[in-house]
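Let's take a walk through this structure together, stopping at a few helices, contacts and backbone details along the way. Have your viewer ready.

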Amino acid sequence: MMEEREDSETKPLHQDAGGSHVRRINPKKGILEMMLRPIRWLRMLSEELHWSFVLGVVIVYGISQGFGVGLSRVSTQYYMKDEQKVQPSQAQVLIGIIHFPWIVKPLWGLLTDIVPILGYRRRPYFIFAGFLGVISMLILSLHKNLHLGFALLSLVAGSAGIAIADVAIDACVTQHAISHTYLAGDMQSLCGMSSSIGALLGFSLSGFFVHLVGAKGVFGLLAIPASLVVLVGILLRESQVRNFAYRRVKEKIVDASKAMWTTLKCRDVWRPCLYMYLSLALGLHIHEGMFYWYTDAKEGPSFSQEVVGSIFSVGAVGSLFGVLLYQNFLKNHPFRDILFWAQLLHGVSGLLDLVLVLRINLKLGMPDYFFVVVDEAVSRMIGRIKWMPFLVLSSKLCPSGIEGTFFALIMSIDHIGLLSSAWSGGLVLHMLNVTRTQFDNLWIAIVIRSLLRLIPIGFLFLIPRSDPNLSILPSEMLRTKRGNDVLEPENIEMATLVNSI
């Protein structure tokens, strides 16, 4: 009798066409299984890699970088505009300076790889980065009438804290990828999802928090993510280095620098690096000019803080959609073909701002907010599709033995390109007399930016046309070094930078 009774939760066995017994799946159980799958996945990673590492990835990528950077972008713009009363061109230059610590990422990488503190390579750097962020954010939040120079110094220090923590967690990810190769994809998925979800939440809440507590109040809230980075340094499980020869630190740094210079002189390396710099430098950022126009009550649409934050959050969704498009449809296409169309669309999409600034969208019956949201989503999606080949190409330019440090160097070159773009955009805004209240010539800056974005198409010959799944470097650079390596294998523990832009 018990065998004939149907369980209320499980369907009975039935025979398929081949006579085999198959158990029907209860739809309710299927939904529950789908909901529990991420939890089980995180539990599996915690058991295989240790829970402190998983917590560190979530905090650094998701909370510090994703949520924190998303929250700070809007607050920094309003802080420069409302607290420091700077002009758009000046704000453009200052925000470029804030990102300077990311340009010297190889320095942070060499320090965390080569110079242990109290026998630990990672934990002290997490603690230092966290305290640096906490102190800098509290200064910005609590100090009244802070001089622009000291405010800029505090913002740079906060950016340095995020950059140092980024390098340290990158090293941990690569270290675990070496010891647990079968989990390398899962770790990258954890990093990417943490960063994307955090950024989406940060941008979504940024405008609300700026409206509620002001830009300085948001800086105070940003001390919380930084303090969590300190917690990572305290809890992270890490083996201690014993009897470290500090006298060899200088020698190792010199050897690594020579190896990187030798690699950069290779024709197959410097040509793509030059293209990446030109493509980014000629992008001409005029974000601050557009931001001041967005919030202007006379010339612009006078968007509130909440609206500005929601615009950036939609942009984050567009960026994530760009990643999915590249992963599923474009990753096997030659670099040169993808970059041609991405660069072309990058220039054309910039003209959407022209339609907005000239108020053509209102003549067509399209509300400002709807048009801005579409503009932001499309622009960020195209920008991400353009950036993804750069990441893949950069990873293929790294020689054996100094993979992590050289990748950080290439990322630094890219950040120099972004800094050049920000400063040149500030110069253009200044020359066109785009100020806090004057936007008559903003449309000219948009046209100049769109035309400059097309110039890199003429330099695509610097990019190899080869299959993206094949190696680019000469075979001698791909051989694993033995004996007198530039750096010990256990020290090359830096992972890719996938959310810098």
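Start in helix α17 (residues 368–396), where Arg380 and Glu376 are four residues apart and therefore separated by about one helical turn. Helices here are DSSP runs of H or I with at least four residues, numbered from the N terminus. An α-helix has 3.6 residues a turn, so residues three or four places apart point the same way. Arg380 and Glu376 form a salt bridge, with the closest N and O atoms 3.7 Å apart; the term stands for a side-chain nitrogen of Lys or Arg within 4 Å of a carboxyl oxygen of Asp or Glu. Glu376 counts as buried at 15% relative accessibility. Buried means under 20% relative accessible area, exposed over 50%, and partly exposed in between, with a 1.4 Å probe and protein chains only.

Before going further, a word on the source: this is a predicted model, in which local features need pLDDT of at least 70 and side-chain atom pairs count only at pLDDT 80 or more, while totals for chains, interfaces and linings use all residues. Residues are numbered from 1 along each chain as its sequence is written, and side-chain values use heavy atoms, leaving out hydrogens and water.

How many salt bridges does the structure hold? There are five. One of them joins the side chains of Asp166 and Lys105, at 2.8 Å from N to O. Asp166 lies in helix α7 (residues 148–179) and Lys105 in helix α5, so this pair ties together parts that are 61 residues apart in sequence. Both partners are buried. Another salt bridge links Arg359 with Asp368, whose closest N and O atoms are 2.7 Å apart, and Asp368 counts as buried at 12% relative accessibility.

Lys105 brings us to α5 itself. Eight of the ten residues of this helix (residues 105–114) are buried, so α5 is largely enclosed by the rest of the structure. Among the buried ones are Trp108, Leu110, Asp113 and Ile114.

Now look at how two helices pack. Two packed helices are described by the angle between their axes and the distance between the axes. The axes of α6 (residues 123–142) and α9 come within 7 Å and cross at roughly 160 degrees; axes are lines fitted to C-alpha atoms over the stretch in contact, with angles from 0 to 180 degrees between N-to-C directions. The two helices are therefore roughly antiparallel to each other, a label for angles over 145 degrees.

The patch is formed by Trp51, Leu55, Leu231, Ile234 and Leu235, with about 420 Å² of accessible area together. Patch members have over 30% relative accessible area and no salt bridge, and nonpolar side chains (Val, Leu, Ile, Met, Phe, Trp, Tyr) are joined within 5 Å; the areas come from the Shrake-Rupley method with a 1.4 Å probe. Leu55, in α2, is partly exposed at 32%.

Finally, check the backbone. Most residues other than glycine have a negative phi. Lys85, in the loop between α2 and α3 (88–98), has a positive phi near 60 degrees. Leu284, in the loop between α11 (267–281) and α12 (287–294), has a positive phi near 50 degrees. Which of these is buried and which exposed? Lys85 is exposed, with a relative accessible area of 53%, whereas Leu284 is buried, at 3%.

Note on methods: Patch = residues over 30% accessible without salt bridge, like charges linked within 9 Å, V, L, I, M, F, W, Y side chains within 5 Å. Parallel < 35°, antiparallel > 145°, perpendicular 65-115°, else oblique.
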